[in-house]
Amino acid sequence: MRLKEKFRAALTASAAEGGRLPFLMNDMVIEEQLCQMRCSYCLTEEYNLLMNVPDARLRLTTDRRQDWHEILDMYHEHVDAPILRLSGGEFFWLKGSTEFVQEASRRYETVQVITNGVFLNERRIEALAAMGNVQLNISLDGHTLELNRHRLPPKQAKLHDVIMRSLHAAAEAGLRIDIQSVLTDANYAGQLEFARYLRDEVAGSTTLYFFPVRGDTAERMGPPPGDHLMPLVEHYDEFADVLPPRAYVEHMAEQLKTNVRTLGCFVTATMAQLFGQGDVSACPHAWVKPMGNLAQDRKLLLDQYGSHQHYDLFMHDRPRFSFCKTCATPSDVINLFFLDRITEEEIGATHLYSGERSRARLRELKETFRPVISGAPATGQGVAQSVSS
Ligand SMILES: C[S@@+](CC[C@H](N)C(=O)[O-])C[C@H]1O[C@@H](n2cnc3c(N)ncnc32)[C@H](O)[C@@H]1O
Ligand code: SF4
């Protein structure tokens, strides 16, 4: 049996009554072409999506919440997930975005929005904080403009102050914030100072997730192989307040030494990529062609999970697909948990996975996949028990 078939057999056997797949997260990308920034490494551009959006103005100013809810309804007919991770484009550029987050926050335990931070004005921050279960994931490559030079070209330099003000305001409002810092030749040496800045300025609300740039751009602007993150490993305890679990920092430091991934990846066993118009693809971190569209096939994920040929690329004991061989993402927290390098307590202390249902789902997925990942026999009941809503 191929590994993908084993994952499929394990998860579908655990599917709750009604046959819904018990995923960890719904990773949803809406209007991925529409962003007002032009980060030079952006994957969206690499996939050629930013080009030619002739009706961009109309799409920005039309409230499409109804359509997005319909897609969520279709998705959840056959998939259960306690967490929604929402991204764009720049999602907060879209009309109705805050209202949509509010509405979506009622159907998930936790909602996290990935944003470049530019449109986080005071009113929006207040509204998001009042929702209670909404978190921010702000993309920021360092605390200085220079460290952000691949995000902010000279023409957009003024935005740096805007983003930093947003970060402080969001922290003051009590929002939990993850920061995604994409490591390139511009900032690989600045992460310890970035961590120091966060610890001194916004400790208690902020966690810094760094990971090397992915895709073809990595060859042009990725960090050279080296020991760049070792200072953070060595001084982990000093910065623990603003860092992910220790094993995450160690893993990133290790991968940066060679720029080759050796860690197994089980991300596609726990989630898929949903697009705002209903397309679904296998991995949220590598945009391959969609497997299909939910509007045409409601049972798409139930039927294709671990079965579609794209899973041959992703589901292996170690990275084999060329993209996977250089991939690293904040989702590696999940991989390290499944591989017993991050404890349940540690993963439960992260922002994204801190909810009770999310922790239970992680526990159950780990148990369900244990025989697939390690060959060891499972001891528990699998995922069936705690699947709800
Ligand atoms: C595509 S952006 C969309 C959301 C929003 N516009 C933002 O900048 O946060 C989502 C995340 O992907 C990251 N990203 C973009 N290109 C990347 C690449 N080549 N490698 C790794 N991460 C990348 C961004 O920094 C951001 O954190
Ligand atoms: S290694 Fe990266 S691209 Fe490959 S399956 Fe995992 S997250 Fe997706």
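Ala, Val, Leu, Ile, Met, Phe, Trp, Tyr, Cys and Pro are taken here as nonpolar, Asp, Glu, Lys and Arg as charged, and the others, Gly among them, as polar. The model is a predicted one, so local features need pLDDT of at least 70 and side-chain atom pairs count only at pLDDT 80 or more, while totals for chains, interfaces and linings use all residues. Residues are numbered from 1 along each chain as its sequence is written, with chains lettered from A and ligands numbered from 1 in the order in which they are written.

On that scheme, the shell around ligand 1 has seven nonpolar, nine polar and two charged residues. That makes 18 residues around ligand 1, a residue being near if its C-beta atom, placed from the backbone, lies within 6 Å. Leu43, Asn116, Ser139, Gln180 and Arg214 are the closest. Helix H2 (43–46), strand S5 (110–115) and strand S7 (177–183) each give two or more residues to this shell.

Ligand 2 has 13 residues around it, with Cys265, Cys283, Ala286, Cys324 and Cys327 the closest. Its shell has nine nonpolar and four polar residues, and no charged ones.

As for the fold, the protein chain comes to 18 helices and eleven strands, counted as DSSP runs (H or I, at least four residues, for helices; E, at least two, for strands) numbered from the N terminus. Its radius of gyration is 20 Å, close to the 21 Å that the globule rule gives for 389 residues, so the chain is as compact as a globular protein of that length; the radius is taken over C-alpha atoms, and the rule is 2.2 Å times the number of residues to the power 0.38. Those C-alpha atoms fill a box of roughly 50 × 50 × 35 Å along the principal axes.
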